[in-house]
Amino acid sequence: MDFWRLIGFAQTSFYSHQESLPLRTKASKTTTLLDLCKSVTPPCWMNPLLFNCHLQTCWTALTRQNPLVYYKRAILTAEDPAFEGTFTVDFVVPPFEDVDPALPPRTTYVTQDVLESLGKDDDRPMLVMLHGLSGGSHEVYLRHVLDPLFKDGWEACVVNARGCARSKITSDFLFNARATWDIRQVVKWLREIFPRRPLFGIGFSLGGNILVNYLGEEGCHCLLQAAVVCSNPWNLDVASIGLQNSWLGLHLYSRAMGANLKNLFELHVKQMSRNPRINIDKVRSITYLHEFDRELQCSTWGYPTEGAYYRDASSCDALLAVRIPLFAIHAEDDPVAVKEAVPYQEIQHNAFTVLCTTRLGGHLGWFESGAGRWFAKPAIQFLKEMAFTIDPAGCRHERHIRASQEEKSSNGDRAFDPMRRRLRTHAP
């Protein structure tokens, strides 16, 4: 163990296109996406007592209270008939005293009159957030970003994956790693009811994978202004193999995630049993994450193996089609979203993306001495800079120029399509 790790310092490294995306500020100054990301990233000092990836990762389970964030929950009905059913969106609101024991802490349902009055003409920035595997708006890592932004005047909401955060499902399927249909509907809806608000996105772990897939699918037409992803597993096939190839990966992390998903399945087993493809007994017999994906996700979505599902759902290729500024934050020692799954070359091929890695941090850890989480600092500051300092018109102009250049340089049928997919994710 080196000296710097002993005192809690984690070196940061940056990866980007050699000609990073040019940005223009509202004061008519120029910079680049890489320089902006570097400027918002402070030195990474971790709690020296949490000196390895496992301590950083597992400490999350012991810190579930602060900061406190309050939500009003809305239930939306899917517009795409291929993905019928309902899902929930939790809006961040000022503190209140009401309690609903059927929902996560500090969460109650929004009333219809409040929901109908949401359409406002303000121009406050709004953040759309996606949580990690089997999580929800109650997760503490997520609240470390939401709390300071909301106190600074931002609006925000969390799109809960179907069946998560004590939400009920009305379809015969849960979420999956390609589930971009709900965030697509939410972003369109938010643009309609808040036409003047700049919209931003952030995704954690599996939510980061879903977010990058969504950004790639939308390409130049994306309604978000910029986005951040933290601890994205990127290449799900490689990440799964990495988990299975280590004792702790298999018996600690994969087992824990498998158990969480099995518990989630049991909460919705009545609805899930309507799907004739699903063998309830086989799902109940699983132990590890990849077994759950084999027995439930493959059966639900028609994949022959979990490997086929992982390759189709991975966001490492979708990254190449992203056309808004994207800041990715990743710990090199992440035991879940392993370093081997990070698409370094693809990031260096796309001027719209920048990756910041830290030598220490674990999976969604980055615990500092005290109660802070380091990742929240660069993520929050990047979003603020994109909202208040950078001129969005310059980004829109740049992506249309690059789209035109790509169209001219494409080689007909031999051109690579980063968004080729087996599973359709939205109406044609």
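**Exercises on helix packing and burial**

Among the elements covering the buried residues of α9 are α3 (53-58), α8, α10 (269-272), α11 (280-284) and α12 (289-301). The model is predicted, so local features need pLDDT of at least 70 and side-chain atom pairs pLDDT 80 or more, while totals for chains, interfaces and linings use all residues. Residues are numbered from 1 along each chain as its sequence is written, and side-chain values use heavy atoms, without hydrogens and water.

**Exercise 1.** Determine which residues of α9 are buried, and where the helix has a kink.

*Solution.* 
1. Helices are DSSP runs (H or I, at least four residues), numbered from the N terminus. Helix α9 covers residues 247-267.
2. Buried means under 20% relative accessible area, exposed over 50%, and partly exposed in between (1.4 Å probe, protein chains only). In α9, the buried residues are Gly249, Leu250, Tyr253, Ser254, Met257, Gly258, Leu261, Leu264 and Phe265.
3. An α-helix has 3.6 residues a turn, so residues three or four places apart point the same way.
4. The kink in α9 is about 30° and is centred on serine 254; the bend at a residue is the angle between axes fitted to the seven residues ending there and the seven starting there.

**Exercise 2.** Describe how α8 and α13 are oriented to each other, and which residues make the contact.

*Solution.* 
1. The axes of α8 (residues 236-244) and α13 (residues 306-313) come within 7 Å and cross at roughly 130°. Axes are lines fitted to C-alpha atoms, for helices over the stretch in contact, with angles from 0 to 180 degrees between N-to-C directions.
2. The two helices α8 and α13 are therefore oblique to each other. Angles under 35 degrees count as roughly parallel, over 145 as roughly antiparallel, 65 to 115 as roughly perpendicular and the rest as oblique.
3. From α8, Leu236, Asp237 and Ser240 take part; from α13, Gly307, Tyr310, Arg311 and Ala313. Contact means heavy atoms within 4.5 Å.

Conventions
Expected span 1.5 Å × (residues − 1).
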